[in-house]
Amino acid sequence: MDIEKINSILSKYPEEKGTLIGILHEVQNHFHYLPEEELKYIAKKRNIPISQIYSIATFYNRFSLKPKGKNVVCVCLGTACHVKGAPKIMEEIKRRLGINVGETTDDLNFTLEEVRCIGACSLAPAVVVNEDTHGKVTPKDIDKILDRYR
Ligand code: FES
């Protein structure tokens, strides 16, 4: 457990109500997920029930209790993308990474997720990797896209 990191995060937040989300955001950003031991430590230090932390952690999509990869690959499966071949793109990415939706590669480099419309329908089919949107993706483009994040 990285006590030093957690202490440095906690030191930035006063011991008041309403700071827990900010703390969890920083923990998520640092570890790419919310590790159990660290959450228990925060609960103890702040004297709050662990159940309260878990209820926030499971409420917000942004938080993950499982390790996430350094890069999150998100395939849009909304209607416009679906019509333009998103299922084939998804299959190709699964095959290339050797994982299913919601899973992370063993080297913790990639996590695969799906989403329903990212508001870029004119670019369908779209794949988002971290903050980058890739539009009009074909199965042939997958290698080139993934290579940028390896
Ligand atoms: S359906 Fe994919 S961006 Fe809208």
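Is Ile 9 buried or exposed? At 1% relative accessibility, Ile 9 counts as buried, where buried means under 20% relative accessible area, exposed over 50% and partly exposed in between (1.4 Å probe, protein chains only). The views below come from a predicted model, in which local features need pLDDT of at least 70, side-chain atom pairs count only at pLDDT 80 or more, and totals for chains, interfaces and linings use all residues. Residues are numbered from 1 along each chain as its sequence is written, and side-chain values use heavy atoms, with hydrogens and water left out.

**View 1. Ile 9 and its contacts.**
Let us stay with Ile 9, which is found in helix α1; helices (H or I, at least four residues) and strands (E, at least two) are DSSP runs, numbered from the N terminus. With neighbours within four places in sequence set aside, Ile 9 is in contact with Ile 23, Glu 26 and Val 27, contact meaning heavy atoms within 4.5 Å. Gly 22 is 13 residues away from Ile 9 in sequence, and their C-alpha atoms are 9.3 Å apart in space.

**View 2. Helix α1 against helix α3.**
Here α1 (residues 3-11) packs with α3 (residues 36-46) at an angle of about 45°, and their axes are 11 Å apart. That angle makes α1 oblique to α3. Angles under 35 degrees count as roughly parallel, over 145 as roughly antiparallel, 65 to 115 as roughly perpendicular and the rest as oblique. Axes are lines fitted to C-alpha atoms, for helices over the stretch in contact, and angles run from 0 to 180 degrees between N-to-C directions. From α1, Ile 3, Ile 6, Asn 7 and Leu 10 make the contact, and α3 brings Glu 38, Tyr 41, Ile 42, Lys 45 and Arg 46.

**View 3. Gln 28 in helix α2.**
Look for Gln 28 in helix α2 (residues 20-31). Gln 28 is buried, with a relative accessible area of 4%. Leaving aside neighbours within four places in sequence, Gln 28 has contacts with Tyr 33, Leu 34, Arg 62, Phe 63 and Ser 64.

**View 4. Strand β1 and its partners.**
Strand β1 (residues 71-76) is mostly covered, with five of its six residues buried. Six bridges pair β1 with strand β2 (residues 110-115) in the parallel sense; two strands pair if DSSP finds at least two bridges between them. Across this pairing, Val 72 stands opposite Thr 111 in β2. Strand β3 (residues 127-129) runs antiparallel to β1, joined by three bridges, and Val 128 in β3 is the bridge partner of Cys 74.

Stepping back, we find an open sheet of four strands in the order β2-β1-β3-β4, with mixed pairing. Strands β2 and β4 (132-134) stand at the edges with a single partner strand each, so one side of each is left without a neighbour in the sheet. Neighbouring strands of this sheet are turned by 20° against each other on average, direction ignored. Helix α6 (residues 86-97) packs on the sheet and touches β1, β2 and β3, its direction making about 165° with that of β2.

**View 5. Thr 105 in a loop.**
Finally, Thr 105 sits in the loop between α6 and β2. At 9% relative accessibility, Thr 105 counts as buried. Not counting residues up to four places away in sequence, Thr 105 touches Leu 97, Ile 99 and Phe 110.
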